[in-house]
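Have the model open as you read.

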Amino acid sequence: MLHSMSTTVEAAPERSAAEVNEEIRALWRRAGGTLTTEQRAEYQRLVMEWAAAAPRSQRAA
């Protein structure tokens, strides 16, 4: 019996701004305060994710 693999991409559950913020902090701790080019790209992605998850009042601050 053959099984076909699904080709649809399931969206990852959205994380809260607090969860993303913790990952940003962990990235900085691991980096020791200086980000490599690869880490900078990850940081930028995380900041965009955080901005999308942050409540509007937090974004305006």
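## Overall layout

The protein has three helices and zero strands, both being DSSP runs numbered from the N terminus (H or I over at least four residues for helices, E over at least two for strands). From the N terminus on, the order is simply α-α-α.

This is a predicted model, where local features need pLDDT of at least 70, side-chain atom pairs count only at pLDDT 80 or more, and totals for chains, interfaces and linings use all residues. Numbering starts from 1 along each chain as its sequence is written, and side-chain values use heavy atoms, with hydrogens and water left out.

## Burial and core

Of the 61 residues, 16% count as buried, meaning under 20% relative accessible area, with exposed over 50% and partly exposed in between (1.4 Å probe, protein chains only).

The largest nonpolar core has six residues: V20, I24, L27, A31, L35 and L46. Such a core is a set of buried Ala, Val, Leu, Ile, Met, Phe, Trp, Tyr and Cys residues joined through side-chain atoms within 4.5 Å. Helix 1 (residues 17-31) gives the most to this core, with four residues.

Leaving aside residues up to four places away in sequence, I24 touches Y43, L46, V47 and W50 (contact means heavy atoms within 4.5 Å).

## The aromatic pair

Searching the whole structure turns up one aromatic pair. W28 and Y43 sit edge-to-face, 5.6 Å centre to centre with 80° between the planes. For Phe, Tyr and Trp (its six-membered ring), rings pair if their centres lie within 6.5 Å; planes under 30 degrees apart are stacked, over 60 edge-to-face and the rest tilted.

The pair links W28 in helix 1 to Y43 in helix 2 (residues 37-53), 15 residues apart. W28 is partly exposed at 33% relative accessibility, and Y43 is partly exposed at 28%.
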